[in-house]
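Subject: Handover of a structure for your review

Dear colleague,

Please find below the structure I said I would pass on to you. My notes on what was found in it follow directly after it.

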Amino acid sequence: MTTPCTNNRLHLFVDGELSATEADAFRQHLTRCAECESGLRDLLQLELLAARALGGSAPVTQGADVAEPVVGGNVVSLKARLQKGLRVAMPLALAAGLAAVVVVRGQAEPEIPGEVWLSGADTRAFEARLSHPKADRFLPYSPMRGTSHSAQMLPLRPLAELAERHDYRGIAAAYALRGDWQQAEAFLGQEPESADKANDLAVVALSRQRYEEALGLLTSALKLNPNHAQALWNRALVLRERDLLDRAAASFDTVASLSEAGWSGEARRMAAELRTQLAEERVRSRRQVMDVWTTLTGEAPWDAKQLAQRPAVARAALYDAVRTVTSKERVEALLPLARELDALGGGSVLQDYVRQIAARDFTARAPLAQGYAGLLRDSDTKKDATVLLDSLRRSGERDIYFGALMHTGSAVSDATAMSALRGFAEGTPDPWLHLLAEREGIRRELAAGRTAQAEKQLMDAMLTCNGMGNIVPCMELN
């Protein structure tokens, strides 16, 4: 037998989906059914909670039958749902519902049930970590596919209790675990400033792919608490999303060092995976560049259009080829590839560079070009390149000196070399060289322990690089 309490009649009533006859019957039913009356109170509670999240007590607008909370901003109001049903709801039931919104005091605080924070879950649906202890249990990560976690109903009475305790971070965590980021962000707005609040707002930003905002919030959290485990974890996620794999691994390392049950082991594993991925990408990228460089500097003919099909690889190889060939004729032979790459990137940056170098005195340049070629071929040469670097510094062959500083990383610990590297980059119109110089400056910041500023600069540099398309090898910014 179907009764007004079955088949979700209350929600159909509130949504205005019942026929006139059914709605009238349900209004009569409300006066004598404690269960449905309680459900109506819960819906009113949620409306008032939403209004409270937007700033204190909710103003009300007097309607014909009901005082409705006025809400706006980012919280999704129930007003549209309520107005159909509640304008026809019986005044006695409505009065009872409003009277029951306030949590009764004068008795021991009830325990908040674990279901508020999905205590029965055996996996976690998103990678980021919330600061609330009840919402930060370690569980295996299993991305939600197909069904939103918001489908798991949120019990409303415990939320009212949390609101009475001013635990808006707990309410926000409950919404976040169900994927309701809009409500989570609104309730966090009621929390006082803290590392925990900044972390949780960063989780909201991360969920919406606002990575720069998320990193700024996490930086603020870590200034307040340098060992904030959740902020360190989430920073690693942000850096990974921006392809800054080395820095992401370093952040996971710090989490691993905190010896948290479950989390530290996973952080250690993720750091290792990121480093393996980065190492493999570096080896693959370097091999590809070396193969094209060998082709450009060899005796066999090559096809500029074919090589330009991988513009990032070809660009890096072209620079190295110009730095290593030993005659005007060999430099000019690289013009077809420079022309193809300029056509992809716009302008004539590479063609101008090739022509400029072709005009150099190769009597002086050729030995230095050969030394640089040796640096490329033999990784052991990088360990003791002092003589070559000193010769290049005094020679005036600034493009080769720039390349050698990039390959050896010497500018990180040598302020004079860093000044020379930046000076050369600033004098060239190629934005890729500007980014490489920026990378070395960032490495110097990291070596000095200025991590937060360095990571912000690195994210900006990667964002700029990605905006240039696939014509430059952005992975080298790692």
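Helices, as the term is used here, are DSSP runs of H or I with at least four residues, numbered from the N terminus. Please bear in mind throughout that this is a predicted model.

With that numbering, just after helix H20 comes Gly396, whose phi is positive, at about 90 degrees.

As an overview, the protein chain contains 24 helices and two strands. Of its 478 residues, 48% count as buried. Taking the contacts between residues at least 6 apart in sequence, 62% join residues at least 24 apart.

Helix H20 covers residues 386-395, and its buried residues are Leu388, Leu389 and Leu392. These residues lie on the same side of H20, because the arc they cover around the axis is only 95 degrees. The face turned away from that buried side carries the exposed residues Thr386, Val387 and Arg394. Helix H19 (362-377) and helix H21 (398-408) are among the elements that cover the buried residues of H20.

The side chains of Asp390 and Arg393 meet at 2.4 Å, N to O. Both residues belong to helix H20 and stand three residues apart, which is about one turn of the helix. Asp390 is partly exposed, with a relative accessible area of 29%. Arg393 is likewise partly exposed, at 45%.

**Other salt bridges**

How many salt bridges does the count come to? The count comes to 31. One network deserves mention: Arg124, Glu266, Arg269 and Glu273 are joined by salt bridges that share partners.

A further pair is formed by Glu397 and Arg365, whose closest N and O atoms are 2.7 Å apart. This pair links distant parts of the chain, 32 residues apart, with Glu397 in the loop between H20 and H21 and Arg365 in helix H19. Are these two residues, Glu397 and Arg365, buried or exposed? Both Glu397 and Arg365 are buried.

The side chains of Glu213 and Arg210 form another salt bridge, at 2.6 Å from N to O. Here Glu213 is partly exposed, with a relative accessible area of 35%. Arg210 is partly exposed as well, with a value of 27%.

**Helix H8**

Helix H8 (residues 181-188) is largely enclosed by the rest of the structure, because seven of its eight residues are buried. The buried residues in H8 are Trp181, Gln183, Ala184, Glu185, Ala186, Phe187 and Leu188.

**The packing of H15 and H17**

Two packed helices are described by the angle between their axes and the distance between the axes. For helix H15 (residues 311-324) and helix H17 (residues 335-345), the axes come within 11 Å and cross at roughly 135 degrees. H15 is therefore oblique to H17. The crossing in which H15 passes H17 is left-handed. On the H15 side, the contact is made by Pro311, Ala314, Arg315 and Leu318. On the H17 side, Leu337, Ala338, Leu341 and Leu344 take part.

**Positive phi outside glycine**

His166 is a residue other than glycine, yet its phi is positive, near 60 degrees. His166 is located in the loop between helix H6 (156-164) and helix H7 (168-177). With a relative accessibility of 56%, His166 counts as exposed, because the cut-off for that class is over 50%.

Gln209 is not a glycine either, and its phi is positive at about 60 degrees. The loop between helix H9 (195-207) and helix H10 (211-224) is where Gln209 is found. Gln209 is exposed, with a relative accessible area of 56%.

With kind regards

Note on methods: Residues numbered from 1 in each chain as written. Predicted model: local features only at pLDDT ≥ 70, side-chain atom pairs only at ≥ 80, totals over all residues. Heavy atoms only, no water. Buried < 20%, exposed > 50% of the residue type's maximum accessible area, 1.4 Å probe, protein only. Arc of directions from axis to C-beta. Contact = heavy atoms within 4.5 Å. Salt bridge = Lys/Arg side-chain N within 4 Å of Asp/Glu carboxyl O. Axes fitted to C-alpha atoms, helices over the stretch in contact; angles between N-to-C directions. Parallel < 35°, antiparallel > 145°, perpendicular 65-115°, else oblique. Left-handed = near helix turned anticlockwise from the far one by under 90°.
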